[in-house]
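I opened this notebook to keep track of what I looked up, entry by entry. Each entry begins with what I wanted to find and goes on to what I read off.

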Amino acid sequence: MCQMHGTTISMNGRGLLILGPSGSGKSSLALQLMAVGAELVADDRTDLRRDGDAIIASCPEVLVGQIEARGVGILAAMTSDPVQLHAVIDLGQQEEQRLPLEHELELLGLRLPLVFGPYRPHLYAALRQFLLAGRMM
């Protein structure tokens, strides 16, 4: 088990771990995804554990049901049960290609699809579609 400084959402039972430096938009991206149907798993810190060929993300007890909205405060949120991670986005890494090659991140000995940031206005919609239907190439 390990703990990551990141926010996790669940979309139709598929988990997305959002990584990035402080102020990069992790919670903002999660809030946008929540506005289009995602549920919050954890904000700011996410507990990860390996279960066979899956990585399960959950929320530290002290943070359950809370998400930070800069300039607004700590908000109450509907939460998801622990979820299997299906992808990771790193808002601290820059994607240079319009149609990038696939990237991966190794966590707990398993490799997960990795998307690079930074935060952009359409990112939440693209990630929602990525979680629901996957990538064509």
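This is a predicted model: local features need pLDDT of at least 70, side-chain atom pairs count only at pLDDT 80 or more; totals for chains, interfaces and linings use all residues.

Where is glycine 13 found? I located glycine 13 in the loop between E2 and E3, where E stands for a strand, a DSSP run of at least two residues, and H for a helix, a DSSP run (H or I) of at least four residues, both numbered from the N terminus.

**Ground rules.** Residues are numbered from 1 along each chain as its sequence is written, and side-chain values use heavy atoms, with hydrogens and water left out.

I looked up the accessibility of glycine 13 and found it partly exposed, at a relative accessible area of 45%; buried means under 20%, exposed over 50%, and partly exposed in between, with a 1.4 Å probe and protein chains only. Not counting residues up to four places away in sequence, glycine 13 touches Val83, Gln84 and His86, a contact being heavy atoms within 4.5 Å. I also took the C-alpha to C-alpha distance from glycine 13 to glutamate 39, which is 9.2 Å for a sequence separation of 26 residues. Asparagine 12 lies in the loop between E2 and E3 as well, and its phi is near 55 degrees, a positive value in a residue other than glycine. Asparagine 12 is exposed, with a relative accessible area of 65%.

**The whole chain.** I then stepped back and counted two helices and eleven strands in the protein chain, which run β-β-β-α-β-β-β-β-β-β-β-β-α from the N terminus on. The C-alpha trace spans about 40 × 35 × 25 Å along its principal axes. For 137 residues a compact globule would have a radius of gyration near 14 Å, and the 14 Å of the protein chain agrees with that; the radius is taken over C-alpha atoms, and the globule rule is 2.2 Å times the number of residues to the power 0.38. Of the 137 residues, 42% count as buried. Among contacts with a separation of 6 or more, 68% come from residues 24 or more positions apart.

**Helix H1.** Which residues of H1 are buried? I listed Lys26, Ser27, Leu29, Ala30 and Leu33. They cover an arc of only 160 degrees around the axis, which puts them on the same side of H1; the arc is that of the directions from the helix axis to the C-beta atoms. These buried residues pack against E2, E3, strand E7 (66-69), E9 and H2. Just after H1, glycine 37 takes a positive phi of about 110 degrees.

**Helix H2.** For H2 (residues 123-133) I noted Leu123, Leu127, Phe130 and Leu131 as the buried residues. Seen down the axis, they fall within an arc of 95 degrees, so they line one face of H2. I recalled that an α-helix has 3.6 residues a turn, so residues three or four places apart point the same way. The cover over the buried residues of H2 includes strand E2 (6-11), strand E3 (14-19), helix H1 (26-35), strand E9 (83-94) and strand E11 (110-117). Just after H2, glycine 134 has a positive phi of about 85 degrees.

**Other backbone features.** I found a cis peptide bond between glycine 117 and proline 118, with omega about 5 degrees, and proline 118 lies in the loop between E11 and H2. Leucine 108 has its place in the loop between strand E10 (103-107) and E11. Although leucine 108 is not a glycine, it has a positive phi of about 50 degrees, and at 29% relative accessibility it counts as partly exposed.

**The start of the chain.** Is methionine 1 buried or exposed? I read that methionine 1 is exposed, with a relative accessible area of 73%, and that its place is in the segment before strand E1 (2-4). Leaving aside neighbours within four places in sequence, methionine 1 is in contact with Asp47, Leu48 and Arg49. The C-alpha atoms of methionine 1 and leucine 31, 30 residues apart along the chain, are separated by 26 Å.
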